[in-house]
Amino acid sequence: MREYLLVLFVAMATTFLLTGVARQIALRYGAVAKVRARDVHKVPIPYFGGLSILGGLIAAYAVASNLPFLGNSLQVAHDARAILVGGVVICAVGVVDDLYELDAITKLAGEVLAVGVLVVQGIQLYWLPLPGGVISPSPAQLAVLTAGILLVSCNAVNFVDGLDGLAAGVTAIGATAFFAYSYLLNFHENLDRATTSTLITVSLAGACLGFLPHNFFPARVFMGDSGALLIGLMLAASTISLTGQMDPNAVPYEVGGSSLLPALLPLVLPIAILAIPALDLTLAYIRRTKAGRSPFAADKQHLHHRLMQRGHSHRRAVLLMYLWTALIAYGVVVLGLVLYWWTALIVLAVAVTAVLLTTGLPWHRRKPLAKV
């Protein structure tokens, strides 16, 4: 655990220090978020926060490779390096988009290229957990499923990146939740605690936490597509890599008195972590296609916009999104690994609190929904 804490600190400190440099580079080359009708910021804000996040991830990997515990696994080194190579590709795509605003098809092609880099290097699903056991479809089917999950994750995080500090905070919460699950599972089942999923998620959490002081409201720099696409890819790839390093028969089917949820956790938890961004992505697709518009046409009706239209302040809307992400992600971990009446009661109490905080604000006048 000490090595993981060191990796977390290195990623956090490196990202924090590099963000100021990235901001100056963005200003120099004109990579600035202009104020548009659908935006909530009032002045132009520089992009390229993704470059500092990538720098933090690379620094964390470099340190981990030289540690006696994490650096001793050749498979972890190979898989983490493969994920970072894919991260460099998708970050580069995001940088170009931040500079020149690529059309949706060109940007998607770049995302597919980055995903292909991962799959070709062996970062993909190898089995799927089901209530009665695990199944192993053909490698081609698993590769296609992996690519789909990675692409959805990238774009889901990109969609939710609409308020200061939102995407970085949500991703940090999701990454720590999956780190906790992966580490505790390996600890309780006496498995190797040095895995790609734990290394990448703790590095990602550190990088996002290091970026937040610059990005929380009022933000001085945005991560841009270079950051949103990157952290979405890292989050999904880290969870997918778990199936390549764990014996499917080692997944517990009898934990805390329940046999179903623990068996499904490797499949359910990634979905839970991305539940809020994925819900936002799904609603946006339905809303836009129903109106006869392109699914990629921007609007001001995302979940975070609606929270502000209900009367929540910018910061409160972000904190509520944090709360819901933590409730879903950590709730799944807690109920899956320690399912007792008191843990269920705690999760229920937090859920009720989240509902009341989100909807129970009669002293705030609701604003009309934007038609943009």
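**Notebook: a first look around**

I began with cysteines and counted zero disulfides, taking a disulfide as a pair of cysteine sulfur atoms within 2.5 Å. Such a link is a covalent bond between the sulfur atoms of two cysteines. I then looked up two cysteines. Cys91 is buried, at 1% relative accessible area, and Cys154 is buried too, at 0%. Here buried means under 20% relative accessible area, exposed over 50% and partly exposed in between, with a 1.4 Å probe and protein chains only.

A note on what I am reading: this is a predicted model, where local features need pLDDT of at least 70, side-chain atom pairs count only at pLDDT 80 or more, and totals for chains, interfaces and linings use all residues. Residues are numbered from 1 along each chain as its sequence is written, and side-chain values use heavy atoms, without hydrogens and water.

Next I checked confidence. The mean pLDDT (the predictor's confidence in each residue, from 0 to 100) is 83, and 82% of the residues reach 70 or more. Over residues 253-260 the pLDDT is below 50, and this stretch has 16 contacts (heavy atoms within 4.5 Å) beyond near neighbours in sequence. Residues 368-372 also stay under 50, with eleven contacts beyond four places in sequence.

Last, I looked at Val350, which sits in helix α14 (residues 341-359); helices are DSSP runs of H or I, at least four residues, numbered from the N terminus. Val350 is partly exposed, with a relative accessible area of 31%.

Terms used:
Helices (H or I, at least four residues) and strands (E, at least two) are DSSP runs, numbered from the N terminus.
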